[in-house]
Amino acid sequence: MLTPTAYGLAIVLDLFIVFIGLRFLLVPQASAAGYGVPAKPGGDAAYLTIKGVRDLTYGILGLALLAFAGARAEAWFMLVVALIPLADTVIVLRNGGTKAVAFGIHFATAVVVLISAALLFAV
């Protein structure tokens with residue numbers, strides 16, 4: 001029971017970050033607003049594209065690790081990338097975003113990613 005849960009959660013998280021990356025590439029202004037720090041109208045295009053490419057790459061890397069290197073490699077990956085939503089929490093708070101978005105989206109994501117890492121280490 002633990003193995004399907006661990007793998008399933010990891011796959012969902014990896015696919016979710018792929019989705020976020022694609023969303024930043026396709027609808028960057030809306031994505032930035034959803035992130036918690038809206039982009040300047042008509043500006044910030046390069047940074048939004050960078051975020052989209054980076055998120056897309058992390059999602060694909062996570063899927064590749066799980067498929068080709070196994071649960072332990074994915075667990076280490078999840079442990080390390082949990083730093084990203086933790087940093088996002090601080091970024092949102094320091095740039096005028098709401099506490100609800102900072103903690104309800106970004107911090108909560110970090111917790112789920114850490115749970116995923118723990119489950120994968122336990123497999």
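This is a predicted model: local features need pLDDT of at least 70, side-chain atom pairs count only at pLDDT 80 or more; totals for chains, interfaces and linings use all residues.

Me: What volume does the largest pocket have?
Reply: The largest pocket has a volume of about 530 Å³.

Me: How many residues line the largest pocket, and which lie nearest its centre?
Reply: The lining has 24 residues. Nearest the centre of the largest pocket are Phe16, Ile17, Ile20, Asp55 and Thr109.

Me: Which elements give two or more residues to that lining?
Reply: For the largest pocket, they are α1 (2-26), α2 (28-35), α3 (45-68), α4 (71-81), α5 (83-94) and α6 (99-122).

Me: And where does the largest share come from?
Reply: From α1, which gives eight residues to the lining of the largest pocket.

Me: What about the lining of the largest pocket by class?
Reply: There are 15 nonpolar, four polar and five charged residues.

Me: Next one. How much space lies in the second largest pocket?
Reply: About 420 Å³.

Me: Which residues are closest to the centre of the second largest pocket?
Reply: Tyr35, Tyr47, Leu48, Lys51 and Ile91. They belong to a lining of 18 residues.

Me: Which elements give two or more residues to the lining of the second largest pocket?
Reply: Helices α2, α3 and α5 do. The largest share comes from α3, with seven residues.

Me: What classes make up the lining of the second largest pocket?
Reply: Twelve residues are nonpolar, one is polar and five are charged.

How values were computed:
Residues are numbered from 1 along each chain as its sequence is written. Side-chain values use heavy atoms; hydrogens and water are left out. On a 1 Å grid over the protein atoms alone, a cavity is a set of points where a 1.4 Å probe fits but cannot get out, and a pocket is an open set with protein on both sides within 12 Å along at least five of seven lines; lining residues have an atom within 4 Å of a point. Grid points are joined across faces, edges and corners, and a volume is the space filled by probe spheres set on the points. Helices (H or I, at least four residues) and strands (E, at least two) are DSSP runs, numbered from the N terminus. Ala, Val, Leu, Ile, Met, Phe, Trp, Tyr, Cys and Pro count as nonpolar, Asp, Glu, Lys and Arg as charged, and the others, Gly among them, as polar.
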